[in-house]
Amino acid sequence: MHIPWTQLEGTVLWDDSKRRHESDVWRRYHAFSHPVFLYTQAEAFGYPYCRSLDRAILTHDVISSGVNPEKRCVEWLENRLEKPDFVARKLILSTVTHTPCSDNRLIILDLSSFMVDELRRSGSEAFFQEKAIHQGWDLPTFIKKNTEYLVGLSQRISDGMYSPIVPLEDQDQFSAIREGIMRTLHEFEQFTPDWS
């Protein structure tokens, strides 16, 4: 299968990342399909090729549970490189809070499903399944915790998207992401997961 945009498919790093994702059988949202989706978005958004972004997409969720998963993802990546990739490191760490900054490429890709209604809804479903399987969350717990997170995320985007350090071309995408987050919060009031 040919994945768009990336030049890492078929490399040792690719295979290691795929195995690491697949070793956590509880993954639904953060499965290996997640970085694959981000590659399709990088192609759709017309991002010029960047090896550091390629590495960051591939490995930013190799570890997605426990304490400081993003920092551990950076360590996981750097253990497989001959020398540190400081841009990839910065990109991965930008997803700790998804706060708008000077380089938002991975943040925007990571949140881009909020721009499309169907993807928002399927993402919520997959995330609920993941939390139910891995952490035993029931629906009320999922709604409460995810609402708290998304309210904070929306506020961080609102507070940061017009900062002078944020590229102007990123502002429209952040605005669309924020609108998608608000629609998601509204829909949570009627959310019933489809397990069929």
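Reader: Which side chain meets Arg80 in a salt bridge?

Author: A salt bridge is a side-chain nitrogen of Lys or Arg within 4 Å of a carboxyl oxygen of Asp or Glu. Here Arg80 is paired with Asp16, at 3.5 Å from N to O. The pair links distant parts of the chain, 64 residues apart: Asp16 lies in helix α1 (residues 12-23), and Arg80 in the loop between α4 (69-78) and α5 (86-93). This is a predicted model, in which local features need pLDDT of at least 70 and side-chain atom pairs count only at pLDDT 80 or more, while totals for chains, interfaces and linings use all residues. Residues are numbered from 1 along each chain as its sequence is written, and side-chain values use heavy atoms, with hydrogens and water left out.

Reader: Is Asp16 buried or exposed?

Author: Buried means under 20% relative accessible area, exposed over 50%, and partly exposed in between (1.4 Å probe, protein chains only). Asp16 has 18% and is buried, whereas Arg80 has 38% and is partly exposed. For the chain, 49% of the 196 residues count as buried.

Reader: How many salt bridges does a search of the whole structure find?

Author: The search finds 13. Among them, Arg105 and Asp103 meet at 2.8 Å, N to O; Arg105 is partly exposed at 22% relative accessibility, and Asp103 is buried at 19%.

Reader: Which residue forms a salt bridge with Arg121?

Author: The partner is Glu187, with the closest N and O atoms 2.9 Å apart. Arg121 belongs to helix α7 (residues 117-135) and Glu187 to helix α9 (residues 168-188), so the pair ties together parts 66 residues apart in sequence. Salt bridges that share partners join Arg121 and Glu187 with Asp117, Arg120 and Arg183 into one network.

Reader: How many helices and strands has the chain?

Author: Helices (H or I, at least four residues) and strands (E, at least two) are DSSP runs, numbered from the N terminus. The chain has nine helices and zero strands.

Reader: What radius of gyration does the chain have?

Author: The radius is taken over C-alpha atoms, and the globule rule is 2.2 Å times the number of residues to the power 0.38. With 196 residues, a compact globule would have a radius near 16 Å, and the chain's 16 Å agrees. Along the principal axes, the C-alpha atoms fill a box of roughly 50 × 40 × 30 Å.
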